[in-house]
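This report describes a ligand site and the space around it. Look at the sequence and structure first, then read on.

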Amino acid sequence: MKNRFYVVGTVPAAVDHPSRDSDCSTDHAHNSGLYVDLATEIDALLANETDVTANLANAAAAIFHGLSDLNWAGFYLAGASGLVLGPFQGRPACVRIPFGRGVCGAAAERRQSVIVDDVHAFPGHVACDTNSRSELVVPLIRGETLIGVLDLDSPLLARFDAGDQAGCEALASIIVHHLGSALPG
Ligand code: SME
């Protein structure tokens, strides 16, 4: 599908075990195993720490180095008037993104994951790294409260599919579980 940008699925409200089998097609079978391993790694990395910055920093590093073909992986946290840059791996990025602006702001406002196959075709895309060609953003939600978003950028067109969405939503659940009570929600 060309120039795909759409909202996919819903964000799990509860903290699920990450190793659940997805209903991915065989195309995604490899990704499914990869995300199970990544979920296990992140769960272990964050398990004994409650510091928000430390946990988000380690999660960003694990994702950035655990997934192929990424040029940016990290977090934006929800503030009073929009998203504010959090821990990440990659080139320096835009610090503040209003709710509803760009891919991150859209995912935050809709509280749903967004996959963009071609960022140049996404109205209002916020260009932080000119190498980025496709993007996946997954909201972090605790209860009814938006905590922020997990943002992945790739230099490849159409890098992300439904398997990545399911895998990253599982990772987001684990990360939220380990953020402690320092953040809203
Ligand atoms: N491209 C994003 C902004 C964040 S950077 O990709 C790190 C957006 O459109 O929201």
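## Cavity and ligand

The lining of the largest cavity comprises nine nonpolar, one polar and five charged residues; here Ala, Val, Leu, Ile, Met, Phe, Trp, Tyr, Cys and Pro count as nonpolar, Asp, Glu, Lys and Arg as charged, and the others, Gly among them, as polar. The model is predicted: local features need pLDDT of at least 70, side-chain atom pairs count only at pLDDT 80 or more, and totals for chains, interfaces and linings use all residues. Residues are numbered from 1 along each chain as its sequence is written, and side-chain values use heavy atoms, with hydrogens and water left out.

The structure holds one cavity of 30 Å³ or more. A cavity is a set of points on a 1 Å grid over the protein atoms alone where a 1.4 Å probe fits but cannot get out, and lining residues have an atom within 4 Å of a point. The volume of the largest cavity is about 110 Å³, taken as the space filled by probe spheres set on the points. Its lining has 15 residues, and V126, C128, E135, D151 and D153 are the closest to its centre. Helix 3 gives the most to this lining, with three residues; helices are DSSP runs of H or I with at least four residues, and strands are runs of E with at least two.

The ligand takes up the space of the largest cavity; a molecule sits in a cavity if more than half of its atoms lie within 2 Å of its grid points. Around the ligand are 13 residues, the closest being V103, C104, V126, E135 and D153, where near means a heavy atom within 4 Å. Strand 2 (72–78), helix 3 (102–110) and strand 7 (145–154) each supply at least two residues of this shell.

Three polar contacts (pairs of N or O atoms within 3.5 Å) are tabulated.

| Residue atom | Ligand atom | Distance |
|---|---|---|
| C104, backbone N or O | oxygen | 2.8 Å |
| V126, polar backbone | nitrogen | 2.7 Å |
| D153, polar side-chain | oxygen | 2.6 Å |

Taken alone, the ligand exposes 310 Å², and the protein buries 99% of that, by the Shrake-Rupley method with a 1.4 Å probe.

Technical notes:
A polar contact is a pair of N or O atoms within 3.5 Å; within protein, one must be able to donate a hydrogen and the other to accept it, and residues adjacent in sequence count only if both atoms are side-chain atoms. On a 1 Å grid over the protein atoms alone, a cavity is a set of points where a 1.4 Å probe fits but cannot get out, and a pocket is an open set with protein on both sides within 12 Å along at least five of seven lines; lining residues have an atom within 4 Å of a point.
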